[in-house]
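Have the structure open as you read.

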Amino acid sequence: QNMLEELLIHKPDDPIEFMINHLKLNNDDAPRICILGPPASGKTTVAMWLCKHFDAIRISQETLLFKETLELTEEAKAYKEKDQKIPNALWANLIQERLSNVDCIKQGWILEGFPENQEQAWMLQSFGIFPRHVVMLYASDTVLIERNSGKRVDPLTQEVYHTTFSWPSDPLVQQRLVQPDLSEQEVSKKLLEYHRNFPEVFQIYQKVLKSINADQPSVDVLSQVLTYVQTRPRSAAPFTPRILFCGPPGSGKSLQAALIAQKYNVVNLCCGQLLKEAVADNTKLGELVKPYIENECPVPDNLVLKLLAERLGSLDCLTHGWVLSGFPRDIEQAEQLHKSQINPN
């Protein structure tokens, strides 16, 4: 699915060579995450923690301007020194240049605070940059303004602390903490700008976006973020369902299987019914099964598995998918099913 996306975005002259190179990278599981949210919502803390967890590359305004030596860095710094707003196109080009480096391709990336508006998001998309997961942190404006007043930054590690919620235990770290330059008025102005741009950005990323309340203990925020970014995004690729119903007698396996089969047009397979049909059709396997059925004895697992494998390998099961109930009934049967390459998804 990821390779198909890349092909559609880049439209290479030599698709075969492109696919070979894509497979060599072996980076389909590398994180591609955007952490968005208003000022003081905890974007830096979340981004740095995720980078440590995934060994990914963190990219933010601060890293792009002061920690990288990119072609466009000096141009962006010139705007900053004149207290002018850096154009959206320049930010997008800086991000594209950084993400095209081999460390981001191999290890994945965490983009902190980007995109800030609709234009930046569209520009990133036009460069083929689309995150798999977007985390949107939120909290009330009064909470964010209060949090900003207690915010402290370690200039050595860039880690963010708070005078009330997360004060460092190390005295050396405490001594070197500095207060950010943002005043209450500047934070209010940035919040206003954020609220103006947020709905359009939300609209663009809504299919891969998760909103998480930042006004709770940081451990809970990080736990919810990690749970979300570890989920695989839904794919629109064709999918053949292979469904297994388990449960005690009388729990409704057969009924649910029949309803699922009817609704989604998949083949309904009940193990007991399959054995009876094999006997009635006088197949070779049916003849072997017949004495057990007549004497009301359990049919050996190897015979059941052969029958199942034969039925599940038929064209209708392969094309439409299947729903199975009544087997396996114990661990040994389940292990044999797995060894036979019959794996529900």
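Start with R58 and E112, whose side chains meet in a salt bridge at 2.7 Å, N to O. The term here means a side-chain nitrogen of Lys or Arg within 4 Å of a carboxyl oxygen of Asp or Glu. This pair links distant parts of the chain, 54 residues apart: R58 sits in strand β2 (residues 57-59) and E112 in strand β3 (residues 109-112). By that rule, the count comes to 6 salt bridges.

A word on what you're looking at: the model is predicted, with local features needing pLDDT of at least 70 and side-chain atom pairs counting only at pLDDT 80 or more, while totals for chains, interfaces and linings use all residues. Residues are numbered from 1 along each chain as its sequence is written, and side-chain values use heavy atoms, leaving out hydrogens and water.

Zooming out, the protein is divided into domain 1 (31-230) and domain 2 (242-340), with bounds from an automatic or database domain assignment. Their C-alpha centres lie 53 Å apart.

Helix α14 (residues 271-280) packs against helix α15 (residues 284-294) at about 115 degrees, with axes 8 Å apart. The two are therefore roughly perpendicular, a label for angles of 65 to 115 degrees. On the α14 side, L275, A278 and V279 meet G286, V289, K290 and I293 of α15, contact being heavy atoms within 4.5 Å.

Notes: Axes fitted to C-alpha atoms, helices over the stretch in contact; angles between N-to-C directions. Helix = DSSP H or I, 4+ residues; strand = E, 2+ residues; numbered from the N terminus. Parallel < 35°, antiparallel > 145°, perpendicular 65-115°, else oblique.
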